[in-house]
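Please walk through the pockets and the surface of the protein shown here, beginning with the elements that contribute to a pocket lining.

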Amino acid sequence: VVSINSDGFRSNDNGAKGSYQILTVGDSFTFGDQVSNNQTWPSCLEKISMKKVANAGVFGFGAAQSVKRAIKETNLRTFDTVILSILVTDDFKRDQLRYKSGLPRPAVIKVGKDTKWASVPEIADSPNESKISKVLFSLFPFKFLVQHSQFFSTFMNNVFPNFDYFGDRHNEKHPNAASENEIIEFTFKKFNEIPVQKKFILLQYTFQDFNIDRKMINRMRQLIKKTSQSYAVPIIDSYDELVGELATKSSAKIWNGHHTP
């Protein structure tokens, strides 16, 4: 079950009443792709803490883009805690994108000495279909099969993975994108400025992170932690916990692309 409540947050399905106390922001790992409402980690946090949690995760967002959402939500409501979830290997790269999966995003850019969010492109400017799809879609049977046959669309996506039929694979880096190091500094600066009493950073990982050079992962972890210390923002790092889990479980039991229930 996946649903969005009237406040624009992912539903937790815990029956929590009253005002929100905790705001969680991040990408699809926060939103809870591939699990039901009551199986996301913000929903689990709500059950354990007995505090009402707002799940404001957005698929494909970077860390700074998630902070921008946090600023918006804290301007609308009062929270006593904000948790920013960061997918260590991907999120700061995503902040360089003006389009992610075909959708416009607030990229972080460098203009002179200033680092800031760029204006979000108009949705109408997003490339909705590739040139090849416009030709193929002129053939009625092809368009019908892609839109109505799961088997056919899956087959075509696997055989021709570079054809972006609907534009939903389109990723585009902003021409003035800031560097990853600049984005990390910018993210913590803006997060630290949010006028909420308690703020935390949660570091998260995909299963691929444990199959590549772990020295690179650890360098990124240390850079993030060093930056967090300069802003006195506490870090919750799930890395060692996941290493312990992997010692007794296969990665398939922990991740199915995203977290399993």
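**Pockets and a surface patch**

At least two residues of the lining of the largest pocket come from each of α1 (28–31), α2 (41–49), β9 (198–204), β10 (235–237), α10 (239–246), α11 (251–254) and β12 (258–259), where helices (H or I, at least four residues) and strands (E, at least two) are DSSP runs numbered from the N terminus. The model is predicted, so that local features need pLDDT of at least 70 and side-chain atom pairs count only at pLDDT 80 or more, while totals for chains, interfaces and linings use all residues. Residues are numbered from 1 along each chain as its sequence is written, and side-chain values use heavy atoms, with hydrogens and water left out.

The largest pocket has a volume of about 600 Å³. Of the 25 residues lining the largest pocket, W41, Q204, L242, I254 and H259 are the closest to its centre; a lining residue has an atom within 4 Å of a point of the pocket, which is an open set on a 1 Å grid, probed at 1.4 Å, with protein on both sides within 12 Å along at least five of seven lines. Helix α10 gives the most to this lining, with 3 residues.

The second largest pocket, with a volume of about 170 Å³, is lined by 14 residues, and N5, N12, A16, Y20 and K52 lie nearest its centre.

On the surface, F151, F155, V159 and F160 form a nonpolar patch with about 420 Å² of accessible area together. V159 belongs to helix α7 (residues 150–159) and is partly exposed, with a relative accessible area of 41%, the term covering values between buried (under 20%) and exposed (over 50%), with a 1.4 Å probe and protein chains only.

Conventions:
Grid points are joined across faces, edges and corners, and a volume is the space filled by probe spheres set on the points. Patches are made of residues with over 30% relative accessible area and no salt bridge: like charges are joined within 9 Å, nonpolar side chains (Val, Leu, Ile, Met, Phe, Trp, Tyr) within 5 Å. Accessible areas come from the Shrake-Rupley method with a 1.4 Å probe; for residues, only the protein chains shown count as cover. A salt bridge is a side-chain nitrogen of Lys or Arg within 4 Å of a carboxyl oxygen of Asp or Glu.
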